[in-house]
Amino acid sequence: MKNLILLFIVVVVGTACDSLLLSCKGGVASSEFILEISDSDSVYIDSFLVTGMELRSEINMMYLHDYDTTPTDRNTRHYYRNKNEYLWINRLGVDTSAYTLLGFISTVGQLGFSQEAFYASAIRNDLERMRTCHFDSDSNTISKVMARTEYHLTKAYLRYVAGQRYGYVSPYVAFNRLDLIDTASSRRHLGFRRLYDANTLRPDSSFIVNALSRIKQRDIDTFLINSQPQSKEYAELEAMLAETTDKDRRRLIICNMEKLRWNAYDPPVSSDGRSVVVNIPSFQLYAYCPDSVMTMRVGCGSRHTKTPLLNSMIERVDFNPQWHIPMSIIRNDVARHAGDREWFDRHNYYIVERSSGKQIDPEYVSADMLLSGKYRVSQRGGEGNSLGKLVFRFPNNFSVYLHDTSTPAFFSRSYRGVSHGCIRVQRPFDLARFMLGGVVDKWEKDTTNVTRSRNVNPRVPIYIIYKTLFKCPDGQWQTYPDVYGYDEIIYRRIKPFLR
C-alpha cells in the first residue's frame with residue numbers, strides 16, 4: 001500500500017512538469033536532450049543566456065562551499081569536482097525526474113525528518129523560478145539557479161536513496177569508537193572495542209554509480225520505490241509515528257526505524273526454519289521454529305563490557321566445556337593473582353604455555369608472563385565452571401558465545417547486565433534440545449565431568465540485536481530501557497535530518 005501511495009505521488013507531481021517544460025515563448029520542450037556544456041558553448045533559454053563557463057563556475061562554488069560530511073554528500077562533491085555531465089538540467093530547463101524526486105522528499109515528514117534536510121524548499125523555489133523565468137542579476141541569475149537546482153537535486157537524491165536503503169547512520173561508525181581498551185594498571189589506551197559486527201550492507205561505490213545512472217536513464221521512480229524498507233515492522237513503526245506527538249515516544253520510534261533500515265529485510269533462517277534472536281535491551285532470547293517460539297531470560301554484558309551486536313551460525317554444543325579465559329579478563333581480573341597457586345586451584349584454573357602445550361605451575365608465573373600472550377589460562381570443565389554445563393559455539397571475532405552459568409540467581413533481576421560480553425541463558429538444556437533434539441536428555445542426567453560435543457545440523461542462525469521497541473512473538477510491541485545508550489547515539493547522529 002505504501003509503495004502504491006508513493007507511486008501515486010510520483011504520477012501527480014509529474015503532471016506539474018508540463019508547465020516547466022514549456023518555454024517562456026510557449027513552445028513545448030523535449031526532455032530527452034541532456035545538457036553537456038563545454039566552456040565554449042552557450043545555451044539559450046528564451047531571452048536569457050547562460051554560458052557553459054558560468055554554469056561550471058557556479059557548480060564549482062557549490063561543491064567548494066559544501067562542508068557536509070556524510071558519505072553521500074562526499075559522493076556528490078566528488079561527482080561534480082570531476083566535471084561529469086549534468087544529471088537534471090537540459091537545454092530547455094529541467095527534466096521531469098526532478099519533480100519525481102520532489103514528490104518523494106516531500107513525504108519525509110512521515111519519517112520524522114525535515115524536508116529542508118533534503119533541500120525541498122530550495123528545489124521547489126528554483127523550479128518555480130525556472131518555470132516562470134524569474135531571474136535577476138544578483139543571487140538568482142539563471143546560472144546560479146540552474147547550478148543550485150542541479151547540485152541540490154543530486155545531493156537530495158543520494159541522501160534519500162542511500163538513507164532509505166541502508167540507513168542514515170552507519171552503525172559501524174556510531175558504535176565502534178565508543179569504548180576504549182585500557183590496561184588494568186597504567187590505563188594506557190590500546191584502541192577501541194569493536195561493538196558492531198553484524199553483516200550489514202552500506203552504500204558502496206557500485207550503489208552510487210547505479211543510482212546516478214538511473215538519473216541519466218530517466219528511470220528513478222522505480223529506484224526510489226525499491227529503496228524503501230520492505231519490513232512489515234518498519235511499516236508498523238511508521239504508522240505509530242504518525243499517531244503520536246509525544247517527543248520521547250517519537251524519539252524511540254525514529255531510533256528503532258533507523259535500526260530496521262540497517263537490516264530492511266527479514267533475516268534468513270536455517271534450512272529447517274529455525275533461528276535464535278537475542279535482544280539485549282529486553283535481556284531475552286527467542287528461539288524461533290516455523291510453528292512455535294521458545295523464550296527465556298538471558299544475562300548480557302554490562303555497560304562497561306558490552307555484548308557485541310553480530311550475526312552468525314550456531315555450529316556446536318559442548319557439554320562440560322572448558323573455559324579458555326579471554327585476554328581482556330586475564331588483563332583485568334586474573335593477572336594480579338599471578339603466583340598465587342591457591343587462588344588458581346580454588347577457581348580450578350590452570351596455565352598452559354602456548355608454544356609447547358606444557359602446563360605451568362601458577363606459582364612460577366608472573367603477571368608480565370600472563371600478559372605477554374604466550375600463556376593460556378583455562379578453567380576445567382565440570383562443577384563450578386563459569387560456563388556451567390553447556391556452551392553454544394558460533395564463529396565471531398570476540399570469543400563470545402551462549403552458555404549456562406554457575407550463578408543463576410541473577411535471572412530473577414530485571415536488569416541482567418552481568419557478563420564480560422558472553423550471553424548466559426536461563427534454560428540451557430531446553431535450548432540444547434531446540435538445537436539437537438533428544439540426545440540432550442542423557443546429558444542432563446550425566447553427573448560426570450567428561451567434556452563432549454555435538455555439531456548442530458543444520459546450523460542455526462543467531463542474531464544479537466539491540467531493539468528498545470521490539471515486536472514480541474505474541475505480536476505486541478514492547479518498550480525496553482536503552483541499557484547501552486545506543487538510542488542516544490543514534491538520535492544524536494540522525495538529528496540533522498529531523499524536524
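Reader: How many helices and strands are there in the protein?

Author: The model is predicted. The protein has 18 helices and 21 strands.

Reader: What share of the 499 residues is buried?

Author: Buried residues account for 52% of the 499. The exposed surface comes to about 23500 Å². Carbon and sulfur atoms supply 50% of that area.

Reader: Which share of the contacts with a separation of 6 or more joins residues 24 or more positions apart?

Author: The share is 69% in this protein.

Reader: Now a packed helix pair. How are two packed helices described?

Author: By two values: the angle between their axes and the distance between the axes. Take α3, residues 52-64, and α4, residues 71-81. Their axes come within 10 Å. They cross at roughly 150 degrees. An angle over 145 counts as roughly antiparallel, so α3 is roughly antiparallel to α4.

Reader: Is the crossing of α3 and α4 left-handed or right-handed?

Author: The crossing is left-handed.

Reader: Which residues of α3 and α4 meet?

Author: From α3, Arg56, Ile59 and Tyr63 take part. From α4, the partners are Arg77, Tyr80 and Arg81.

Reader: Why do residues three or four places apart in an α-helix point the same way?

Author: An α-helix has 3.6 residues a turn, so residues at that spacing point the same way.

Reader: Turn to a loop. Where does threonine 200 lie?

Author: Threonine 200 sits in the loop between β6 (189-192) and α9 (205-216).

Reader: Why does threonine 200 count as buried?

Author: The cut-off is under 20% relative accessible area. Threonine 200 counts as buried because its relative accessibility is 6%.

Reader: What is threonine 200 in contact with, leaving aside neighbours within four places in sequence?

Author: Threonine 200 is in contact with Tyr172, Trp262 and Asn263.

Reader: Last, cysteines. How many disulfides does a search of the whole structure find?

Author: The search finds zero disulfides.

Reader: Is cysteine 422 buried or exposed? And is cysteine 472 buried or exposed?

Author: Cysteine 422 has a relative accessible area of 14%, so it is buried. For cysteine 472 the value is 13%, so cysteine 472 is buried too.

Technical notes. Residues are numbered from 1 along each chain as its sequence is written. This is a predicted model: local features need pLDDT of at least 70, side-chain atom pairs count only at pLDDT 80 or more; totals for chains, interfaces and linings use all residues. Side-chain values use heavy atoms; hydrogens and water are left out. Helices (H or I, at least four residues) and strands (E, at least two) are DSSP runs, numbered from the N terminus. Buried means under 20% relative accessible area, exposed over 50%, partly exposed in between (1.4 Å probe, protein chains only). Contact means heavy atoms within 4.5 Å. Accessible areas come from the Shrake-Rupley method with a 1.4 Å probe; for residues, only the protein chains shown count as cover. A disulfide is a pair of cysteine sulfur atoms within 2.5 Å. Axes are lines fitted to C-alpha atoms, for helices over the stretch in contact, and angles run from 0 to 180 degrees between N-to-C directions. Angles under 35 degrees count as roughly parallel, over 145 as roughly antiparallel, 65 to 115 as roughly perpendicular and the rest as oblique. A crossing is left-handed if the near helix is turned anticlockwise from the far one by less than a right angle, and right-handed if clockwise.
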